[in-house]
Amino acid sequence: MGGNREMLQRYALAVVSHLLLVVAWYLFVELGHVPKFVLPSPAATIQALLVPNYRWVENGLVTGAEIFGGYILAVIFGIGTALLFSWSRTLEMFVMPLLVSLNMIPKVALGPLIIVWFRYGIGPNMMMAFAICFFPIVLTTARGLREVEPDLIDLVRSVKGSRWQIFTKIQLPNALPYIFSGMKVAAILAVAGAIVGEFLGSDRGLGYLMLQVQVTLDTAAMFMAVILITLIGMVLYGIVLGLERLLVVRDARIQ
Amino acid sequence: MNQPFIHLAGVKKVYRTRGADFIAVSEATFDVEAGELVSLVGPSGCGKTTLLKILAGLHSHEAGNVQIGSPSQPFDPSRDVGMVFQQPLLLKWRRVIDNVLLPAEILGLPMERSRARARDLLTLVGLKGAEDKFPYELSGGMQQRAAIARALIHDPKLILMDEPFGALDALTREKMNLELLRIWREAKKTIVFVTHGISEAVFLGTRVVVLTAGPARMADNFRVDLPHPRTLDIKTGEKFGEYSRRIYRLLGME
């Protein structure tokens, strides 16, 4: 019972701090007589949603598709690559250093090249999100697959367990908390990747919309775009967190 | 002549490193009768863990002869070994009962029967009621009890224990020693127990094998003639002291 009350209190405090931020924002604009094009009030920001020209839904869906698409690809290929590494030590020694070098490339710098190669659009922006997310997932997954107690492997081998049984019963579940820690980092990066992609070249999406309304100094719409982008990121992060709660025992989670 | 359950003769194991060869085990010669609880005692680097892994079939050996099993006690290396390590090594994501079932799963034993057996074993090791808990909800001693149940699940003839109580506090360790003797009497298994605790070795063992380090070799092998079931009282007795001194002397501590 005590635990429940504590949890309720924690949620309540979190909600209050968010609301307080909005109130502070409102008071600052109202009392400071800040011009609307510098800092719009919360109400003005919400009103920006009413401008049909901005096609919020469509742009939001485009950005969401870029973030989720790039992220899901990075999860699939990132975990897959790490699995290949765990099966072949030679492959890991051959490819891993290359990945480390490639990861040193600032992914943003690839933007103009991606545009030259693939033009504008959802696909190239997905690739940008993918490029940013891929490496942390490979790294944490590979580490998780390696971190198995040697004695535990001996225990399985003493009853003549196969390589495959060691993998499915011990290595993979053991790596799960590590995989999730990489996925959580990547979830935040994916949002940044997709938006940078849109800034560099796009004809749709919330990042694209921001550049459009910047020209007309519609700061309220820019604010709204940032809020929506953040919300998409929070949804993605929330899904990952929920999956972690579902799949990883509390004690094993990496904070 | 009655053939012993385990027969070791002149067993030697050498690790080849780049600089020089490192002798991990040498001159290991002793027999273990079925149903005995043999303590392997010695300092770090005396090869006791290596010897245990040779018995488990996890390590090869260079010279000598290792024979496990007899006509009356046939031994199947794939399913007659149960292991307990210093760390409980329970899988964090499995409930206690599912941890106990791990070897049964790997061996492909019928799950219905194994599950019933796992419950019985958890009762045997004093963990009745903890079946559905996760490892993090158990104390260190309780986790090690679960690890012992796991080593028994596939009904192996030989249990190999590598300093199983070495990570526990002194009081829990004493208690686990008594518990192990009870489990051993009830489960009727042959146990080889590695420890660096001299009094633990004498208290538990029907026989003690002393190994010394630098270079690793077997120094002694004697029967412990103390009555069963043993209680903590015997530790204050004359005989217990004699056995302990005998080991201290061999290890150059007297």
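**Burial and overall form, chain B**

I looked up burial in chain B of this predicted model: 41% of its 254 residues count as buried. I took a residue as buried if 20 or more other C-beta atoms lie within 10 Å of its own, as exposed if 12 or fewer do, and as partly exposed in between, with C-beta atoms placed from the backbone.

I noted that residues are numbered from 1 along each chain as its sequence is written, and that chains are lettered from A and ligands numbered from 1 in the order in which they are written. Local features need pLDDT of at least 70 and side-chain atom pairs count only at pLDDT 80 or more, while totals for chains, interfaces and linings use all residues.

I found 8 helices and 9 strands in chain B; these are DSSP runs numbered from the N terminus, helices being H or I with at least four residues and strands E with at least two. The radius of gyration of chain B, taken over C-alpha atoms, is 18 Å, close to the 18 Å of the globule rule for 254 residues, so chain B is as compact as a globular protein of that length. The rule is 2.2 Å times the number of residues to the power 0.38.

**Cores**

I next looked up the nonpolar cores, meaning sets of buried Ala, Val, Leu, Ile, Met, Phe, Trp, Tyr and Cys residues joined through C-beta atoms within 7 Å. The largest has 75 residues, and Leu40(B), Val192(B) and Phe193(B) are among those with the most contacts inside it. Helix H5 of chain B (residues 140–152) gives the most to this core, with 6 residues. Apart from it lies another core of 53 residues, including Tyr208(A) and Ile229(A).

I checked Leu40(B) by contacts, which need C-beta atoms, placed from the backbone, within 7 Å. Leaving out residues up to four places away in sequence, Leu40(B) touches Lys48(B), Leu51(B), Val192(B), Phe193(B), Val194(B), Val209(B) and Leu211(B).

**Where the chains meet**

I found 20 residues of chain B in contact with 18 residues of chain A. On the chain B side, strand E5 (81–84) and helix H3 (102–107) are the elements that give two or more residues. H3(B) gives the most, with 4.

I then turned to helix H7 of chain A (residues 150–158), where Leu152(A), Leu155(A), Val156(A), Arg157(A) and Ser158(A) are buried. Their cover includes helix H8 (163–200) of chain A together with E5 and H3 of chain B. Just after H7(A), Lys160(A) takes a positive phi of about 55 degrees.

Key: Contact = placed C-beta atoms within 7 Å.
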